[in-house]
Each structure stands twice: as C-alpha cells, then as structure tokens.
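Please consult the sequence and the model while reading.

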Amino acid sequence: MAANFPPLELMAVYTAAAMHDYDHPGRTNAFLVSTCSPLAILYNDRSVLECHHAASAWALLFADQQNAWLVNLDKSEFKRFRFLVIEAILATDLKQHFELLSEFNSKVNDISAVGIDWSCEADRLMVANMVIKMADINGPCKRRDLHLGWTERICEEFYEQGDEEAKLGLPISPYMDRKNPQLAKLQESFISHLVSPLCSSLANAGLLPGLLSEDQTADKNENADAAVENQSDDELEEQDKSEIEVKDVICTLVKNLEANIEVWFKVIEQENGLADGTDEQSDTTSDAAATEVIMESINEMESIAEEDSASLATPL
C-alpha cells in the first residue's frame, strides 16, 4: 500500500501518527466541553483534543531550530505537508468515525463501488485517514498481553475523570465510575461498534497486513483450474484466471481482534452468571449513550507497532 503514496504524503502520515495524541490532558472532549475548559473555549468546542494535539505538536516543532527537519521542503511542499498532517490528526476525532467509514465503504466495499483511484489525491487522503484511524484505535487488535496492558491504562484514565466529575458534582460518565467498573462491557461495546467495522472495511479492501496461507493456497489454485476449465472462451476473456483464484490470507490483527472479543464475551457471561450471555451482549451493544461516550473517549494509546510485515488482508 505504501508504494501507492508519494513520499511527501507518506511522510505526512508517519508524522501525524507521531503527533496525534501529543500533550493529551487525560480527559475526553465531552468533559472539556461540559466544563468549559480553556481548550474547549479556544477551539470552540469542536474536535478540541485533536486541534490541541496538532497545534501543540506544530508549536513544538517550530520552537527549536534542532527540530527543523522540514527545511528542505519548498514553500508549496511545506504547505501541502502541513495540510496533510493536520487533516490526518483531525480524522482521529471519533465523532467523524461513521461518516469517514461510510465514505470509504461507498468508494471501496459497496456492490457498486468504483474502487480506489491511487492517482487521485482525494482517494489517497481518504485511505490515509482510514489508516491513521486504525492505528489510533487498534488496541483490541494487539496481542492479548498488550491489549490488556493498554486497557488497564485507559480505564485508570477514565476512573480519574470519573473522580473529577464526582468532585465537581457532575454525573459520572458511563464506564468511568471506579465504584462500578464495567470493563468487559466497555471493551465489548468499543470493539463491536468501532474497531470491528473499521477493521473489517480495511480488510475487505485488502489494506491490512497479512500472509497467504501456505496450507490452503495449493487447494485454492486447483479449484481455480477447475473453474477455468468449466468456463467458455468468452467468459475467460472477461475474467482471467488470477481473478478466479481465491486466496486465504492470515492477518494477525484480525485474529487477535476475534480472540480478544471472545474473551470479553466470556467475562460478560461470567459476570452475569449465565451459561449463554447472548441476550446481555445484545443489550450492551445497543446502548447508544454508552457508545457515544466511547466514541468521544477512546483516542488514546494505540501506537505500539508489533504487527505483521506483509501485504494483504482477510475479512472478519
């Protein structure tokens, strides 16, 4: 995928990833807005944290001549680079999540989708925004130990906000009351509403890293040969053999996500004392108020890079 991006755009994505949570105050956008914090006032209640991350990181970059690693860009290149970095950081605001996901699916995954035009700047920007969103919230796609470690950290941050809300006489936000922890329900809702659909869309578009399954490739190619033999010459002209081949792809991100959400399902069942927690799981995922809080809250701590080193992806 990286080969489809010009070097300037690729550098902008990496830079945005480094900047996207810089100087995070440990509170959600909703909290900053409801308390009329100086940051919320400064940024007019819109994408408060994301604007702060971008502005603070750029200020740091300009504050010391030792940070001037962009000096070799000409004026137009620098203007374009700064625009791309800011756009990518602002895309991590989860209030834009479903709008961006819908735009991507209509372009790539819907039945009538025309696909990505890598020569089109707008299409490349859309993909870059999707990729940085995945990097931002992919905690549940990590190995179990890493996922649990980061989950602990974000929950403690939530509880600290809940403590402050209690001191200020405000209602404690869902999942932020340390006296009533609901860790499994938080994670199940977060994964089901946000991470899984995003991961699935990128996987279906072939934009997640993965490895071809060696065990099944030979069988799939044999099936492709048989399919070719059963087609007429006219049909073969419209669909070549490479399109008929069905390739299984193993993606560690997807496998980890599936395994982690199964663990949270089991925890929910245990907490409810049920042999089958299907009804309760359905109830949790339909909690719109909780989902809104999660959307505004989880924009933290997902930049550890231990993922696979390959090229394609598989659907969930």
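## Basis of the report

The model is predicted; local features need pLDDT of at least 70 and side-chain atom pairs count only at pLDDT 80 or more, whereas totals for chains, interfaces and linings use all residues. Residues are numbered from 1 along each chain as its sequence is written, and side-chain values use heavy atoms, with hydrogens and water left out.

Rolling a probe the size of a water molecule over the atoms shows where empty space is left. In the whole structure, the search finds 2 cavities of 30 Å³ or more. A cavity is a set of points, on a 1 Å grid over the protein atoms alone, where a 1.4 Å probe fits but cannot get out. Grid points are joined across faces, edges and corners, and a volume is the space filled by probe spheres set on the points. The largest cavity holds about 80 Å³.

Its lining (residues with an atom within 4 Å of a point) consists of Phe-5, Glu-9, Ala-12, Val-13, Leu-84, Val-85, Ala-88, Arg-124, Leu-125, Ala-128 and Asn-129. At least two lining residues come from each of α1 (7-19), α5 (75-90) and α7 (121-137), and α7 gives the most, with 4 residues. Helices are DSSP runs (H or I, at least four residues), numbered from the N terminus. By class, the lining has 8 nonpolar, 1 polar and 2 charged residues. Here Ala, Val, Leu, Ile, Met, Phe, Trp, Tyr, Cys and Pro count as nonpolar, Asp, Glu, Lys and Arg as charged, and the others, Gly among them, as polar.

## Helices α9 and α13

Helix α9 (residues 183-204) packs against helix α13 (residues 252-272) at an angle of about 150 degrees, with the axes 9 Å apart. Axes are lines fitted to C-alpha atoms, for helices over the stretch in contact, and angles run from 0 to 180 degrees between N-to-C directions. The two helices are therefore roughly antiparallel. Angles under 35 degrees count as roughly parallel, over 145 as roughly antiparallel, 65 to 115 as roughly perpendicular and the rest as oblique.

The contact (heavy atoms within 4.5 Å) includes Ile-191, Val-195 and Cys-199 of α9, and Leu-257, Ile-261 and Trp-264 of α13. It comprises 12 nonpolar, 3 polar and 3 charged residues.

## Helices α6 and α7

The axes of α6 (residues 97-108) and α7 come within 11 Å and cross at roughly 130 degrees, so these helices are oblique to each other. Among the residues that meet are Leu-100, Leu-101 and Phe-104 in α6, and Met-126, Val-127 and Met-130 in α7. This contact divides into 7 nonpolar, 1 polar and 4 charged residues.

## Helices α8 and α13

Helix α13 also meets α8 (residues 144-167), with axes that come within 10 Å and cross at roughly 55 degrees. The pair is therefore oblique. Arg-144, His-147, Leu-148 and Thr-151 of α8 make the contact with Ala-259, Asn-260, Val-263 and Trp-264 of α13. By class, there are 4 nonpolar, 3 polar and 1 charged residues.

Notes
1 Å grid on protein atoms, 1.4 Å probe; cavity = no way out; pocket = protein on both sides within 12 Å on 5 of 7 lines; lining within 4 Å.
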